[in-house]
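Visitor: I would like to learn how to read a structure like this one. Please take me through the features one at a time.

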Amino acid sequence: MAGGTINQTVRPLLTPLYDGSEAVSYTGTAGTSAALPGNCTAVMVWATTDTYIKVGASVTATSNDLMLPAYTPIIIPCEPADVVSFLRIATSGTGYVNPFQ
């Protein structure tokens, strides 16, 4: 654009919601987070061991759900008040839930 100016504001695609982060213990029994904040549109999830995860309203992870390798963060779209559920594949661990908007 010759002689013109461009006014651009760079915004992050997602903004972390720091007050909704949570650590969830899981074993051979699924561990489930508290409900995600009302302004949450996506959630970053990772875990300390290989795990199955499921995100949704009142869900419980099973061995039919998404397999997540240990220490592999993933961002998943969600709805406000959804929960994140973790179930160990072989070893118990801790799952981490970080909501974004």
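Visitor: Does R88 count as buried, exposed or partly exposed?

Guide: The general idea is a cut-off on relative accessible area: buried means under 20%, exposed over 50%, and partly exposed in between, with a 1.4 Å probe and protein chains only. R88 has 34% relative accessibility, so R88 counts as partly exposed. Before going on, note that this is a predicted model, in which local features need pLDDT of at least 70 and side-chain atom pairs count only at pLDDT 80 or more, while totals for chains, interfaces and linings use all residues. Residues are numbered from 1 along each chain as its sequence is written, and side-chain values use heavy atoms, with hydrogens and water left out.

Visitor: Where does R88 lie, and which residues is R88 in contact with, leaving aside neighbours within four places in sequence?

Guide: Helices (H or I, at least four residues) and strands (E, at least two) are DSSP runs, numbered from the N terminus. R88 lies in strand β7. Contact means heavy atoms within 4.5 Å. By that rule R88 is in contact with Y26, T27, G28, D50, T51 and Y52, once neighbours within four places in sequence are set aside. G38 is 50 residues from R88 in sequence, and their C-alpha atoms are 28 Å apart.

Visitor: In what order do the strands of the open sheet come?

Guide: Two strands pair if DSSP finds at least two bridges between them. Here four strands form an open sheet in the order β1-β8-β3-β6, with antiparallel pairing. The edges are β1 (22–26) and β6 (74–77); each has a single partner strand, so one side of each is left without a neighbour in the sheet. Axes are lines fitted to C-alpha atoms, for helices over the stretch in contact, and angles run from 0 to 180 degrees between N-to-C directions. With direction ignored, neighbouring strands of this sheet are turned by 30° against each other on average.

Visitor: How many bridges join β3 to β8?

Guide: Six bridges join β3 (residues 42–47) to β8 (residues 93–100), and the two run antiparallel. One of the residues to look at is V43, whose bridge partner in β8 is P99.

Visitor: Which residues have the most contacts inside the largest nonpolar core?

Guide: A nonpolar core is a set of buried Ala, Val, Leu, Ile, Met, Phe, Trp, Tyr and Cys residues joined through side-chain atoms within 4.5 Å. The largest one here has 15 residues, and those with the most contacts inside it are L36, V43, V45, I53, V84, F86 and V97. The elements giving two or more residues to this core are β1, β3 and β7 (83–88). The most comes from β3, with three residues. Not counting residues up to four places away in sequence, V97 touches G20, S21, E22, V24, S33, L36, V43, M44, V84 and F86.

Visitor: How is a pair of aromatic rings described?

Guide: By the distance of the centres and the angle of the planes. Rings of Phe, Tyr and Trp (its six-membered ring) pair if their centres lie within 6.5 Å; planes under 30 degrees apart count as stacked, over 60 as edge-to-face and the rest as tilted. The whole structure holds three aromatic pairs. In one of them, W46 and Y71 have ring centres 5.8 Å apart and planes at 35°, so the pair is tilted. W46 is in strand β3 and Y71 in the loop between β5 and β6, 25 residues apart. W46 and Y96 form a stacked pair, with 4.4 Å centre to centre and 20° between the planes. Y96 lies in β8 and W46 in β3, so this pair ties together parts 50 residues apart in sequence. W46, Y71 and Y96 form one aromatic cluster.

Visitor: Which side chains meet in a salt bridge?

Guide: A salt bridge is a side-chain nitrogen of Lys or Arg within 4 Å of a carboxyl oxygen of Asp or Glu. The count by this rule is one: the side chains of D65 and K54 meet at 3.9 Å, N to O. D65 sits in the loop between β4 (51–56) and β5 (66–68), and K54 in strand β4, 11 residues apart. D65 is buried, at 17% relative accessible area, whereas K54 is partly exposed, at 33%.
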